[in-house]
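Me: I would like to learn how to read the features of a structure like this one. Could we go through them together, starting with charged side chains?

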Amino acid sequence: MAKMSGPNNDVEDDNPASEALKKTAWYATEVFGKVFGQRGKGGVIQSDGEKKDEIDDMTKPPSSLEETLRRIRSDVVERSYFLSGEVDKLIYTEDCVFADPFVSFSGRDRFVDNLSNLGSFITKYDAKLISYNTETTESANIVESDNVSVSTKIMVKLELNLPWKPVLAWPWGVSYTINPSNYLISEHIESWDIDALEGVKQVFRKPTVRI
C-alpha cells in the first residue's frame, strides 16, 4: 500500500512502476479537469435521515466547533461535495493539508478547484453513508478537547465520462482534523478500502456494476 509523506510531497511506493502509473493518472486527471471542468450530475447521499435544525452562513467561517461539525455533515450528506464539487471552502484553513492514496499537498484553493473541475468526468453517481463519527482526544468534552476529528465512510459508485463508461466503486473514507482554536479543518485525509492501483485499473475496464 502507498505511504503518505510530507504535506507537499507525493506518496511513496515500493514499486516504482506502479507508483509512476498512479501519479500519472492523478496528475492527468487534475490537468484534464482544469481544461474541461464542468459540474457533474448526481443526487445527494443516502443517509440515516438525520436533519439539521439550523441553517449556517457559508459566506463566513464557522464561529464555533458545533457549527463546523454541522457544516461538515452538510457537505458530506447533503451536498456530496466530493462528487458534486459544491464544497464549503470556508471551513478549511488556507494551508489545509489534503492527502489521498495518490498524493499529499497543502492548499485549500487547489483542492476546491480540483473538486469543481473534475466533476466533468462524472456523468452520474450513487453514494451511501456507511459511518459518520466524531472523535476527541485529551478531553471527553468536545468544546475543551485539544483535537477534534470527524471520520466518515461512504460507499461510492461513479460513472466516468469516457466512451466505455467505466464505473468506479469502493468504500471511500475521509478523516477531518479540526483545530479548536479557530474551528477550521487543518487536515483532510482520504482513504480507500481498495488498493490505489486497483482503483486506477477500474478506469480502464468495462463496468461490472451499475449505478
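Reply: Gladly. A salt bridge is a side-chain nitrogen of Lys or Arg within 4 Å of a carboxyl oxygen of Asp or Glu. Side chains of opposite charge can pair when their charged atoms come close. In this structure there are nine salt bridges. Please keep in mind that this is a predicted model, where local features need pLDDT of at least 70, side-chain atom pairs count only at pLDDT 80 or more, and totals for chains, interfaces and linings use all residues. Residues are numbered from 1 along each chain as its sequence is written, and side-chain values use heavy atoms, with hydrogens and water left out.

Me: Are D56 and R70 buried or partly exposed?

Reply: Buried means under 20% relative accessible area, exposed means over 50%, and partly exposed is in between (1.4 Å probe, protein chains only). With 15% relative accessibility, D56 counts as buried. R70 has a relative accessible area of 22%, so R70 is partly exposed.

Me: Which residues do salt bridges that share partners join into one network?

Reply: Let us build up to that through D109. D109 forms a salt bridge with K89, and their closest N and O atoms are 3.5 Å apart. D109 lies in helix α4 and K89 in the loop between α3 and β1, so this pair ties together parts that are 20 residues apart in sequence. Both ends are partly exposed: D109 has a relative accessible area of 44%, and K89 has 32%. D109 also forms a salt bridge with R108, with the closest N and O atoms 3.9 Å apart. R108 counts as buried, at 11% relative accessibility. Through shared partners, salt bridges join K89, E94, R108 and D109 into one network.

Me: Now for the rings. How many aromatic pairs does the count come to?

Reply: The rule is geometric: rings of Phe, Tyr and Trp (its six-membered ring) pair if their centres lie within 6.5 Å; planes under 30 degrees apart count as stacked, over 60 as edge-to-face and the rest as tilted. By this rule the count is eight aromatic pairs. One of them joins F82 and W172, which are 4.1 Å apart centre to centre, with 35° between the planes, a tilted pair. F82 lies in helix α3 (residues 81–84) and W172 in strand β5 (residues 167–179), so the pair ties together parts that are 90 residues apart in sequence. F82 and W172 are both buried.

Another tilted pair is Y92 with F111, at 6.0 Å centre to centre and 55° between the planes. Y92 lies in strand β1 (residues 92–99) and F111 in helix α4 (residues 108–118), so these parts, 19 residues apart in sequence, are tied together by the pair. Y92 counts as buried at 1% relative accessibility, and so does F111 at 6%. Y92, F98, F105 and F111 form one aromatic cluster.

Me: Where does the charged end of R110 sit?

Reply: A charge sits over a ring if NZ of Lys or CZ of Arg is within 6 Å of the ring centre and within 35 degrees of the ring normal. The charged end of R110 is over the ring of F105, 4.2 Å from its centre. Likewise, R73 lies over the face of Y132, 4.6 Å from the ring centre.

Me: Which members of the largest nonpolar core touch the most other members?

Reply: A nonpolar core is a set of buried Ala, Val, Leu, Ile, Met, Phe, Trp, Tyr and Cys residues joined through side-chain atoms within 4.5 Å. The largest one has 42 residues, of which I72, Y81, Y92, W172 and Y176 touch the most other members.

Me: What does I185 touch?

Reply: Contact means heavy atoms within 4.5 Å. Not counting residues up to four places away in sequence, I185 touches I72, I91, Y92, T93, C96, Y176, T177 and I178. I185 is found in strand β6 (residues 184–192) and is buried, with a relative accessible area of 0%. The C-alpha atoms of I185 and C96 are separated by 6.8 Å, although the two are 89 residues apart along the chain.

Conventions. Helix = DSSP H or I, 4+ residues; strand = E, 2+ residues; numbered from the N terminus.
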